[in-house]
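Hi everyone, thanks for coming. I'd like to walk you through some aromatic side chains today, so let's bring the structure up on the screen.

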Amino acid sequence: MESQLKKQRNSFTSSIGFVLAAAGSAVGLGNIWRFPYLAAKDGGGLFLFVYLILALTFGFALLITEVAIGRKTQESPLTAYKKINSRWGFLGIFSFVVPFIIYPYYCVIGGWVMKYMFTYLAFQGSAAVQEGFFGGFISAQWQPILYAAIFAILCFVIVYKGVEHGIERYSKILMPILAIIVVFIAVYSLFIKHTDADGVTRTGLQGAAIYFIPDFSGLTVKKLFTVVLDAMGQLFYSLSIAMGIMVAYGSYMKKDVNLGKSINQIEIFDTGIAILAGMMIIPAVFAFSGKDAMSAGPGLMFITLPKVFDSLGKFGDFIGLIFFVMVMFAALTSAVSILEAITSSMMDKFKWSRKKSVLVMAGTTFVLSIVVCLGYNVFYFDLKLPNGSVGQILDIFDYVSNNILMPIVGFLTCILIGWVAKPKTVIEEVTLNGEKFGRKTLYVIMIKFVAPVLLFIILLTGFGVFQ
């Protein structure tokens, strides 16, 4: 029976299919609004330098570990860890809970993106910059639920169609288009020029210089520590690690695919898009509003950038539409991967069909999406979180998943592979067909010693220890 189920398991038809799907998961909203904000806040080129080092070491170790676990066990996150070690099945539960918490609020934010995309499609970009447009929309009772529902239905359809005919097929279409749009807007941003009311002229190229040239002014050990922590935290978003996603996608990877090469390609694609996201946003925002206009989270995308587009006149509506179409693609590919992680877990754990699994998971999580939407009106409240921020229901979901559970999953994965099952578990899978593991020594050092320490520090930060 088990062997029959293995034969029926879907798989990516090609290496490029896996890479584009995995990169689609990695290239999400975190890359587009969080990466540029952190880069602007943490000294531009200094943040980029630290991020690249960590991506090639810390991020690489966690990414290749999760993909290898998935391919080795041919199981989804909920059941894969138990196959590695029978006493570590609890880690699979953590890996399932993370995407289960993230997906509902991701659909809500995806609905916000869709609202703006349709606004620009109707050539109503000027409405998007009106005072209170964003706040009025998210605090409305039914409209956010409607847009979240449309976004969730799109995700449902793609996951329902399966790996080959759904996730892989749509990734092969969406990711190249997304890459082209990102490059177009990034290049366009460099040539923006604006003179403000005080007669000060700023250009996109000046903004790019802030982005790429390291700023060491006032750099202290404490500030450098903050930059490192920010870069590590961003890697969770950028590489979709500690979410169960890469375990699920790894389980769909064929055994004859060069795993190490595929991981390298994902790193290049994702890091490239993240850097280009900064090029899209930082030069444009700097040209129109100066460096101080960079703000965290949704404010940058839904409030600041529409003002930039509006300043461009009628052409701004076109640029705004192209931008939000790109963001929509990025949000959709990421949300699909999150839904797939929990859907595949149900299929492997309970031997449910894909149809039943995706119906149950999509339905259950959408109920939570409604709760998140109502968190800005009916269920509105402010709660101070341990990391010092104040938030509503969406922020609580985000805090629990990203600041607490994901570092725990990453840390325990390092302990499992580094000390219990030993690094050979992953090394054997990477070199399965005689391939070379170019960063093997680095991998062993990272998974056993460096990564667990860094992840524990991130966890302590989430609990507010370093506030």
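Which residues form one aromatic cluster here? The members are Trp-112, Tyr-116, Tyr-120, Phe-133, Phe-134, Phe-302, Phe-309, Phe-323, Phe-324 and Tyr-376. Do keep in mind that this is a predicted model.

Across the structure there are 34 aromatic pairs. Let me pick one out for you: Trp-112 with Tyr-376. Their ring centres are 6.0 Å apart and the planes meet at 65°, so this pair counts as edge-to-face. The two partners come from distant parts of the chain, 264 residues apart: Trp-112 belongs to helix α6 (residues 89-121), while Tyr-376 lies in the loop between α17 (354-374) and β3 (383-384). Both Trp-112 and Tyr-376 are buried.

For another example, look at Phe-437 and Tyr-443. This aromatic pair is tilted, with 5.7 Å from centre to centre and 40° between the planes. Phe-437 and Tyr-443 are both buried too.

The charged end of Arg-439 sits over the ring of Phe-60, 3.7 Å from the ring's centre. Over the ring of Trp-419 we find the charged end of Lys-448, 4.4 Å from the centre.

Last stop: Phe-58, in helix α4 (residues 45-73). Is Phe-58 buried or exposed? Its relative accessibility is 0%, so Phe-58 counts as buried. And what does Phe-58 touch, leaving aside residues up to four places away in sequence? The contacts are Met-232, Leu-235, Met-446, Ala-451, Leu-454, Leu-455 and Ile-458.

Definitions and conventions: Residues are numbered from 1 along each chain as its sequence is written. This is a predicted model: local features need pLDDT of at least 70, side-chain atom pairs count only at pLDDT 80 or more; totals for chains, interfaces and linings use all residues. Side-chain values use heavy atoms; hydrogens and water are left out. Helices (H or I, at least four residues) and strands (E, at least two) are DSSP runs, numbered from the N terminus. Buried means under 20% relative accessible area, exposed over 50%, partly exposed in between (1.4 Å probe, protein chains only). Contact means heavy atoms within 4.5 Å. Rings of Phe, Tyr and Trp (its six-membered ring) pair if their centres lie within 6.5 Å; planes under 30 degrees apart count as stacked, over 60 as edge-to-face and the rest as tilted. A charge sits over a ring if NZ of Lys or CZ of Arg is within 6 Å of the ring centre and within 35 degrees of the ring normal.
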